[in-house]
Amino acid sequence: MRSGHAIRLLVVVACGLLASCTSVLRVQVARANIQQQELQASVQESAARTQLLTLMAMPLDAQVDFAEPVSLEAEAEKPIPELAEATNEAVSKRDDLHQQVRLLDAADATARSRLAALLPEVDVVGSFQHIDGQKLAQVDSFYVGVHASWAFWLWGSQWYAHRAAVHQANAARLLTGDADRQVRGEVSGRLDQLRAATSAIDVAKTALASAEEAYRVTSELVKAGSGTTTDLLDSQSALTQSKLNLVRSKYQQAQARVSLRRAMGG
């Protein structure tokens with residue numbers, strides 16, 4: 001009986017030691033994950049800072065403190081524009097599309113001028129003569145005439161120049177249509193990204209509420225003695241990750257809104 005009791009006691013002690021070792025390992029793994037996340041966040045911060053300084057044409061070692069984009073976060077409450085509204089605004093404001101339209105107008109004008117060069121040149125000539133100083137020689141005379149010239153031996157080169165200008169105008173017309181489709185496609189894609197980022201915020205808020213409730217329940221279990229500290233650490237880590245996901249989703253939404261504004265010519 002004593003040997004059986006001792007064996008049971010050894011088993012209990014071994015299980016306790018095993019559980020303790022498991023808890024220690026879980027804590028070490030959680031700590032390693034936190035350190036890894038901290039390292040990743042530091043690398044992302046450094047990369048974002050370098051990108052901002054490069055875009056601002058400033059030295060990479062400049063001592064600049066960047067403030068949080070509070071104004072962009074305030075725009076999150078603004079409604080998302082409809083596709084037709086956003087597309088019309090982009091077509092009316094995009095400078096690159098306006099440039100292509102002007103190039104098309106210039107090509108059409110060149111084609112018309114090449115065609116007009118095939119017609120004869122017509123000049124109206126007029127003259128007026130008035131002689132004064134002698135009573136008997138006071139004469140007023142005028143002349144009006146039309147002078148036409150037609151260099152028909154240049155028709156060949158002028159005709160092909162006209163055809164080349166027509167083809168250039170057609171090419172410019174195709175490029176204008178392609179630019180218009182690209183602008184509309186870009187606006188549509190930016191709108192989809194903004195809608196997806198907005199939906200991601202709703203999902204992140206739901207996940208955060210669940211993580212907060214899980215952390216609260218785990219804390220009560222630990223206080224009651226039926227939970228472990230490791231479970232509390234896990235729930236706290238999940239809560240921190242949920243908060244991070246919500247912040248990241250908000251920044252992604254702000255970036256998507258800025259990209260849409262730029263696509264709309266703002």
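**Notebook: fold and salt bridges of a predicted model**

I read the elements of the protein chain from the N terminus on and recorded the order α-α-α-α-β-β-α-α. That gives six helices and two strands; helices (H or I, at least four residues) and strands (E, at least two) are DSSP runs, numbered from the N terminus. I note that this is a predicted model, in which local features need pLDDT of at least 70 and side-chain atom pairs count only at pLDDT 80 or more, while totals for chains, interfaces and linings use all residues. Residues are numbered from 1 along each chain as its sequence is written, and side-chain values use heavy atoms, with hydrogens and water left out.

**Entry: burial, surface and contacts**

I looked up burial and found that 18% of the 266 residues of the protein chain count as buried; buried means under 20% relative accessible area, exposed over 50%, and partly exposed in between (1.4 Å probe, protein chains only). I then turned to contacts (heavy atoms within 4.5 Å). Among those between residues at least 6 apart in sequence, 71% join residues at least 24 apart.

**Entry: salt bridges**

I found eight salt bridges in the structure, each defined as a side-chain nitrogen of Lys or Arg within 4 Å of a carboxyl oxygen of Asp or Glu. Three of them I examined in turn.

In helix α3 (residues 83-93), E89 and K93 are four residues apart, about one helical turn. Their side chains meet in a salt bridge at 3.0 Å, N to O. I recorded E89 as partly exposed, at 26% relative accessible area, and K93 as partly exposed, at 41%.

The side chains of E186 and R94 also meet in a salt bridge, at 3.3 Å, N to O. This pair links distant parts of the chain, with E186 in helix α5 (residues 155-224) and R94 in the loop between α3 and α4 (95-116), 92 residues apart. R94 counts as buried at 12% relative accessibility, whereas E186 is partly exposed at 31%.

Within helix α5, R195 and D192 lie three residues apart, about one turn of the helix. The closest N and O atoms of their salt bridge are 3.4 Å apart. I noted relative accessible areas of 34% for R195, partly exposed, and 44% for D192, also partly exposed. Finally, I traced salt bridges that share partners and found R94, D96 and E186 joined into one network.
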